[in-house]
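Okay, thanks for coming, everyone.

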Amino acid sequence: MSVWDDLVGQEAAVAVLRGAVADPSAMTHAWLLTGPPGSGRSNAARAFAAALLCPRGGCGECHECTTALAGTHADVEVVATEASILRRQDVEPLVQLAQRSPSGGRWRVIVIEDADRLNETSGNVLLKAIEEPPPRTVWVLCAPSPQDVLVTIRSRSRSVVLRVPPVDAVARLLVERDGVEPALADAVAHASQSHIGLARRLARDPDARARRREVLDLARRIRGVPDAVLAAGELVEVAQAESKAATEERDADEKSRLYRALGAEEGKPLPPALRSQLKALEDEQKRRATRAQRDVLDRAMTDLLSLYRDVLLVQLGAAGADGGIDLVNVELADSVATLAADSTPEQTLRRMDAIGTARERLAANVAPLLAVEAMAVALRPQG
Ligand SMILES: [Zn+2]
């Protein structure tokens, strides 16, 4: 067993990180771990931290390893944010922390999971810290791609790139580590397109699988414009409910913490001088809710896109076992075959374009219902 076990399909990246652990003289003080969502960036960062602190280079069993992986080691700071931007006040405490020697371990490791969310100001604060690193501090920055990170920071960090892991490696991980039944593991590894976190959620949570099925069922259900409008409304509502469930409890928590911090009583009006603080928190929570809703919708659209990609493969005769390409939606092979028989490859491509356009419009802050409706209408059968 070792801390690297869970990093499926990342042999090249692991070799680089292991090398740095084995030879501290070749150590770099700032690392940039990049890879597509689900490739395991934050897992890789934690494994690296554990390996740096472990007396045996990452055995996966000792106290250093287990606490570093769990994010509770005193010398490992993991910063994850749901906010859309990492601000100066988020980064400054980290810079101060970086100046302190590790409490017991050999290194102090600071992991920033969303380095792509640094803005110009907070990025510059971080840059100064990276340029003059204390001898035993290691920064590990994570982002989807090097281009997502400020160029000044990128140029001073050592880059390690994670790839999309192979589908069968993800399925094997689910079977071996999570005890998922092999057929289900295979189906969700395909369905998630090798996104490990998503595959695990689909494997564990029957509701998540049911929601995904419902989204994909839209392709079959939409027969005309009225169905399309109805389906779009439903989809947006479900996304709202899902994101609300995910954020509600924490929003309330944060609010009562702020009230306590301000020495005010919840439910009573705040003195005018303190209202701007509450307003700032509420604005941030609103931004976060909007973002969560867009993420849920984007996931739904990615799922729909995968279905039409399957349809296109069948229409082009490129799908199948004999050297063909695997379907993403293995368990929906029948629907895929029906959709493929009822339309032409050109129509499928137009539908995929419509989904792509809707995703772009959502990313550009178009009202979700508007973007999703236009997409749904484009999905209806056309003679
Ligand atoms: Zn260990």
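Before I start, one cut-off: I'll call a residue buried when its relative accessible area is under 20%, exposed when it is over 50%, and partly exposed in between. And keep in mind that this is a predicted model.

Another one joins Asp114 and Arg117, at 3.6 Å from N to O. Here we're under the 20% limit: Asp114 is at 12% relative accessibility, so it's buried, and Arg117, at 14%, is buried too.

Now one that reaches across the chain. Asp303 and Arg212 meet in a salt bridge at 3.3 Å, N to O. That pair ties together distant parts of the chain, with Asp303 in helix 12 and Arg212 in helix 10, 91 residues apart. Both of these residues are buried. They also belong to a network of salt bridges that takes in Arg299 and Glu331.

Helix 12 comes up again when we get to the second largest pocket. That pocket holds about 590 Å³ of space. It has 20 lining residues, and the closest to its centre are Arg87, Glu254, Leu281, Glu284 and Arg288. Which helix gives the most to this lining? That's helix 12, with six residues. Helix 11, residues 225-261, also supplies at least two. If you sort the lining by class, you get nine charged, eight nonpolar and three polar residues.

Next, His190, which is in helix 8, residues 182-191. At 8% relative accessibility, His190 is buried. Leaving out neighbours within four places in sequence, His190 has contacts with Val167, Asp326, Leu327, Val328 and Val330.

Last, the cysteines. Cys54 is buried, at 0% relative accessible area, and Cys65 is buried at 0% too. As for disulfides, the count by this rule is zero.

That's my list, so let's go back to the picture and talk.

How values were computed
Residues numbered from 1 in each chain as written. Predicted model: local features only at pLDDT ≥ 70, side-chain atom pairs only at ≥ 80, totals over all residues. Heavy atoms only, no water. 1 Å grid on protein atoms, 1.4 Å probe; cavity = no way out; pocket = protein on both sides within 12 Å on 5 of 7 lines; lining within 4 Å. Points joined across faces, edges and corners; volume = space filled by probe spheres on them. Helix = DSSP H or I, 4+ residues; strand = E, 2+ residues; numbered from the N terminus. Nonpolar A, V, L, I, M, F, W, Y, C, P; charged D, E, K, R; others polar. Disulfide = S-S within 2.5 Å. Buried < 20%, exposed > 50% of the residue type's maximum accessible area, 1.4 Å probe, protein only. Contact = heavy atoms within 4.5 Å. Salt bridge = Lys/Arg side-chain N within 4 Å of Asp/Glu carboxyl O.
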